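Here is a short briefing on one protein chain. Look at the sequence and the structure, then work through the points below.

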Amino acid sequence: MFSVENYKNWQILLLILIILIPLYTINLGVNTLWDLDEGVYSEMSREMLLRDDFINTYFNYAPRFDKPPLVLWVTAFFYSILGVGELTTRIGLVIFSFLNITVLYYFAQRLFNRRTAIIASIILGTSFQYVIQSRILYMDVPLTLFITSSLLFFHLGFHKSRKYYPL
C-alpha cells in the first residue's frame, strides 16, 4: 500500500545511501587484490565462470567446499557482465553493505522511530571497519546482512498475530 509515510521513508533512505556512495565507491577498483582471502575468493569466482559450473567451487582447479557460494556467485555474475577485475570483484560487497544499511534502517524504525533509524544507518554506514570490510571481498558483510535480516523477520513474526508475514 502506498502512503505518504512510506514515501518519506524511501526518500530519507535514498538520501542516506546517496550520501554514502562516494565513501564506498571512490577508488574501489584501484587497489590490487592484496589480501590472501580476497585473491582466493576472486579466483574461485573466476574459475566458476570459466568452468561454467556454479554448483561446485574450485580453487587452482581443485575442489574446495569450505565457503558458502553466494558471494562467489555474485562475483561471478559481475565478472560475466563487466569482465574480471578488481572493481568487479568488489561491486557485490558494496551492494550487500547497502542492503544491510537498508534492513537496519527499517529494523530500527520498527523498534524505535525514524530519528533512531536515521542515526543507526548513518553510524553503521560511516563506521570505519564496516566501510573497509565492504570494500574487500570477504564473507563478513553478507553474513551481517543475513543476521540482521533474520533478526528483523524474527521480530516481525514474533509480534504478529498471524502465522506468516506478508511482504
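Asp52 counts as exposed, because its relative accessibility is 60% and the cut-off for exposed is over 50%. Keep in mind that this is a predicted model.

**Two loop residues**

- Asp52 is found in the loop that runs between helix 2 and strand 1 (58–59).
- Its backbone is worth a look: phi of Asp52 is near 55°, a positive value in a residue other than glycine.
- Asn27 also has a positive phi, near 60°, and is likewise a residue other than glycine.
- The loop that holds Asn27 lies between helix 1 (4–25) and helix 2.

**The chain as a whole**

- How many helices and strands does the chain have? There are seven helices and two strands.
- Read from the N terminus on, the order of elements is α-α-β-β-α-α-α-α-α.
- The C-alpha trace spans about 50 × 40 × 25 Å along its principal axes.
- The chain has 167 residues, and buried residues make up 41% of them.
- The chain exposes about 10,200 Å². Carbon and sulfur atoms supply 67% of that area.
- Take the contacts in the chain with a separation of 6 or more: residues 24 or more positions apart account for 68% of them.

**Helix 2 against helix 3**

- Two packed helices are described by the angle between their axes and the distance between the axes.
- Helix 2 covers residues 36–51, and helix 3 covers residues 70–82. They pack at an angle of about 60°, with their axes 8 Å apart.
- That angle makes helix 2 oblique to helix 3.
- Helix 2 passes helix 3 in a right-handed crossing.
- Which residues of the two helices meet? Helix 2 brings Tyr41, Ser42, Met44, Ser45, Arg46, Met48 and Leu49. Helix 3 brings Leu72, Trp73, Thr75, Ala76, Tyr79 and Ser80.
- The residues of this contact divide into eight nonpolar, four polar and one charged.

**Helix 4 against helix 7**

- Helix 4 spans residues 86–111, and helix 7 spans residues 140–158. Their axes come within 9 Å and cross at roughly 25°.
- The crossing of helix 4 and helix 7 is left-handed.
- Residues of helix 4 in this contact include Leu93, Phe96, Val103, Phe107 and Arg110. Among those they meet in helix 7 are Val141, Pro142, Leu145, Leu152 and His155.
- The residues of the contact of helix 4 with helix 7 divide into 13 nonpolar, six polar and one charged.

- Ile118 sits in helix 5 (residues 114–126).
- Is Ile118 buried, exposed or partly exposed? It is partly exposed, because its relative accessible area is 23% and buried means under 20%.
- Ile118 touches Ile12, Ile16 and Tyr105, leaving aside residues up to four places away in sequence.
- Ile118 and Lys8 are 110 residues apart along the chain, and 12 Å separates their C-alpha atoms.

Definitions and conventions. Residues are numbered from 1 along each chain as its sequence is written. This is a predicted model: local features need pLDDT of at least 70, side-chain atom pairs count only at pLDDT 80 or more; totals for chains, interfaces and linings use all residues. Side-chain values use heavy atoms; hydrogens and water are left out. Axes are lines fitted to C-alpha atoms, for helices over the stretch in contact, and angles run from 0 to 180 degrees between N-to-C directions. Helices (H or I, at least four residues) and strands (E, at least two) are DSSP runs, numbered from the N terminus. Angles under 35 degrees count as roughly parallel, over 145 as roughly antiparallel, 65 to 115 as roughly perpendicular and the rest as oblique. A crossing is left-handed if the near helix is turned anticlockwise from the far one by less than a right angle, and right-handed if clockwise. Contact means heavy atoms within 4.5 Å. Ala, Val, Leu, Ile, Met, Phe, Trp, Tyr, Cys and Pro count as nonpolar, Asp, Glu, Lys and Arg as charged, and the others, Gly among them, as polar. Buried means under 20% relative accessible area, exposed over 50%, partly exposed in between (1.4 Å probe, protein chains only). Accessible areas come from the Shrake-Rupley method with a 1.4 Å probe; for residues, only the protein chains shown count as cover.
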